[in-house]
Amino acid sequence: MLHSTNDLEGYAIRATDGDIGKVKDFYFDDEAWVIRYLVVDTGTWLLSRDVLISPISIGTPNWADKVLSVSISKQQVENSPDIDTDKPVSRQHERRYLGYYGYPYYWGGIGLWGGAALPGSMAGYGTLLDMPNTMSPEAEEAYARADQARHQNDDPRLRSCKAIMSYHIAATDGDIGHVQGLLVDAETWAIRYMIVDTSNWWLGHQVLVAPQWIKDVSWSDTTVSINLTRQVIKDAPPYDPTVQLDREQEIDIFKHYGHPGYWIDEANHKS
């Protein structure tokens, strides 16, 4: 089921022993286009401190009550590493965070979540060095140091979902609209579509564009360039935010754009 990040803002995050706070934003990986962390405002409980919650810890959502339950305690959250959510999250910060909770690194595999397709599948693995292996302690330590050295200068790849709202959309032959929202698969936490508002050209018209069709994102110019013409976008099936998008509608969208569905690509990866 797909949900708009705009609608998910304000959802309560419920720990094993009480509420943590409410969702205020999301950090997504601008290479894989997957939500890596939920930014949660803890309110008066932690003096309005923002904390990060990984989808790895999220269980079955309660959509009716707008609650996302997580498999961690309030004390774990309170003692978690401080991260300034007003600044880019570095790979070093992520290592500290994932190591604190005992989660493996999500990068380096062919799946959306390392070697897994679903974030929850990683919860039982422990840290990278806790996984079953035949390396000696000395070899494990050397591996960890080498991995850290490889990634210490990585550019931050995490972006705020709020920040990308209203980014301009540039087709191959001119401007076409702006980002109105993002549709997320609540099982994998992958961003499946950008909701594009084309009302400057066609009043009240919204269409969906998949991240796979993005040619480039200029973060400095707040522009998303896509490999589609204005006419192709204009003729695309309109998006109605009041109606839940189903697979049949998704098939029509991908058929219109002449691309295979993301579910086909992911099935091929699994096989």
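Rings of Phe, Tyr and Trp (for Trp, its six-membered ring) pair if their centres lie within 6.5 Å; planes under 30 degrees apart count as stacked, over 60 as edge-to-face and the rest as tilted. The structure is a predicted model, in which local features need pLDDT of at least 70 and side-chain atom pairs count only at pLDDT 80 or more, while totals for chains, interfaces and linings use all residues. Residues are numbered from 1 along each chain as its sequence is written, and side-chain values use heavy atoms, with hydrogens and water left out.

**Exercise 1. Which residues form one aromatic cluster, and how are the rings of Phe254 and Trp263 arranged?**

Solution. 
Step 1. The cluster consists of Tyr193, Trp213, Phe254, Tyr257, Tyr262 and Trp263.
Step 2. A search of the whole structure gives 18 aromatic pairs. In one of them, Tyr105 and Trp107, the ring centres are 4.7 Å apart and the planes are at 10 degrees, so this pair is stacked.
Step 3. For Phe254 and Trp263 the centres are 5.3 Å apart and the planes are at 75 degrees, so this pair is edge-to-face.

**Exercise 2. Is Tyr105 buried or partly exposed, and what lies over the face of Trp107?**

Solution. 
Step 1. Take the cut-offs: buried means under 20% relative accessible area, exposed over 50%, and partly exposed in between (1.4 Å probe, protein chains only).
Step 2. Tyr105 has a relative accessible area of 23%, so it is partly exposed. Trp107, at 14%, counts as buried.
Step 3. A charge sits over a ring if NZ of Lys or CZ of Arg is within 6 Å of the ring centre and within 35 degrees of the ring normal. Arg91 lies over the face of Trp107, 3.8 Å from the ring centre.
Step 4. Elsewhere, Arg36 has its charged end over the ring of Trp113, at 4.7 Å from the centre.

**Exercise 3. What is Ile233 in contact with, leaving aside its neighbours within four places in sequence?**

Solution. 
Step 1. Ile233 belongs to helix 6 (residues 230-234). Its relative accessibility is 1%, so Ile233 counts as buried.
Step 2. Contact means heavy atoms within 4.5 Å. With those neighbours left aside, Ile233 is in contact with Ala171, Ile176, Thr198, His205, Val207, Ile226, Leu228 and Tyr257.
Step 3. Val207 is 26 residues from Ile233 along the chain, and their C-alpha atoms are separated by 7.3 Å.
Step 4. For the protein chain, residues 24 or more positions apart account for 55% of the contacts with a separation of 6 or more.

Terms used: Helix = DSSP H or I, 4+ residues; strand = E, 2+ residues; numbered from the N terminus.
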